[in-house]
Amino acid sequence: MANEKTFRGDFSLDDSWKAYWQERVKEGHHFGSHTYDHTYFVKDGPKGEVFEKPQFGPKAGDDTFI
C-alpha cells in the first residue's frame, strides 16, 4: 500500500479511511507495503505491533517490530 492522495484531498492511509480498509480485509483482501525497502509485513506482534522484514536497504533481512 502507498499513502496516495485521494479524491477527498486526504490520504489513503489517514485514520478516516480505517473503516474502508477494514471492510476490504473482511472481504478477504491482502495488503503489502510499497516502500523504499520493500518491507514485508510478517505478522502481528503480541502488543499490537507489526512484525516486518525489509527486503532491501540497510536492514534487509532483519526481523523487526514497528
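This is a predicted model: local features need pLDDT of at least 70, side-chain atom pairs count only at pLDDT 80 or more; totals for chains, interfaces and linings use all residues.
Reader: What makes phenylalanine 7 and tryptophan 17 an edge-to-face pair?

Author: The ring centres lie 6.2 Å apart and the planes stand at 85°. Rings pair if their centres lie within 6.5 Å, and planes over 60 degrees apart count as edge-to-face. The pair is therefore edge-to-face. Phenylalanine 7 and tryptophan 17 both lie in the segment before H1, so the contact ties together parts that are ten residues apart in sequence.

Reader: Why is tryptophan 17 called buried?

Author: Buried means under 20% relative accessible area. Tryptophan 17 has 12%, so the term applies.

Reader: Why is phenylalanine 7 called exposed?

Author: The relative accessible area of phenylalanine 7 is 74%. Exposed means over 50%, so this residue qualifies.

Reader: Which kind of aromatic pair do tryptophan 17 and tyrosine 20 form?

Author: Tryptophan 17 and tyrosine 20 are 5.4 Å apart, centre to centre, with 90° between the planes. With the limits of 6.5 Å for the centres and 60 degrees for the planes, this pair is edge-to-face. Tyrosine 20 is partly exposed, because its relative accessible area of 38% falls between the limits of 20% and 50%. Ring pairs link Phe7, Trp17, Tyr20, Trp21 and Phe31 into a cluster.

Reader: How do you know that arginine 24 lies over the face of tyrosine 20?

Author: Arginine 24 is 4.4 Å from the ring centre of tyrosine 20. The rule asks for a distance within 6 Å, together with a position within 35 degrees of the ring normal. Lysine 43 likewise lies over the face of phenylalanine 51, at 5.2 Å from the ring centre.

Reader: Why is valine 25 described as partly exposed?

Author: Valine 25 has a relative accessible area of 47%. Valine 25 lies in helix H1, residues 18–26. With Met1, Leu13 and Phe31, Val25 forms a nonpolar surface patch of about 320 Å² of accessible area together.

Reader: What makes E1 and E3 the edges of the sheet?

Author: The open sheet has three strands in the order E1-E2-E3, with antiparallel pairing. Strands E1 (39–44) and E3 (64–65) each have a single partner strand, so one side of each is left without a neighbour in the sheet.

Reader: How do you know that E1 and E2 pair?

Author: Two strands pair if there are at least two bridges between them. Five bridges join E1 to E2 (residues 50–54), and the two run antiparallel. Threonine 39, for instance, has proline 54 in E2 as its bridge partner.

Definitions and conventions
Residues are numbered from 1 along each chain as its sequence is written. Side-chain values use heavy atoms; hydrogens and water are left out. Patches are made of residues with over 30% relative accessible area and no salt bridge: like charges are joined within 9 Å, nonpolar side chains (Val, Leu, Ile, Met, Phe, Trp, Tyr) within 5 Å. Accessible areas come from the Shrake-Rupley method with a 1.4 Å probe; for residues, only the protein chains shown count as cover. A salt bridge is a side-chain nitrogen of Lys or Arg within 4 Å of a carboxyl oxygen of Asp or Glu. Helices (H or I, at least four residues) and strands (E, at least two) are DSSP runs, numbered from the N terminus. Buried means under 20% relative accessible area, exposed over 50%, partly exposed in between (1.4 Å probe, protein chains only). Rings of Phe, Tyr and Trp (its six-membered ring) pair if their centres lie within 6.5 Å; planes under 30 degrees apart count as stacked, over 60 as edge-to-face and the rest as tilted.
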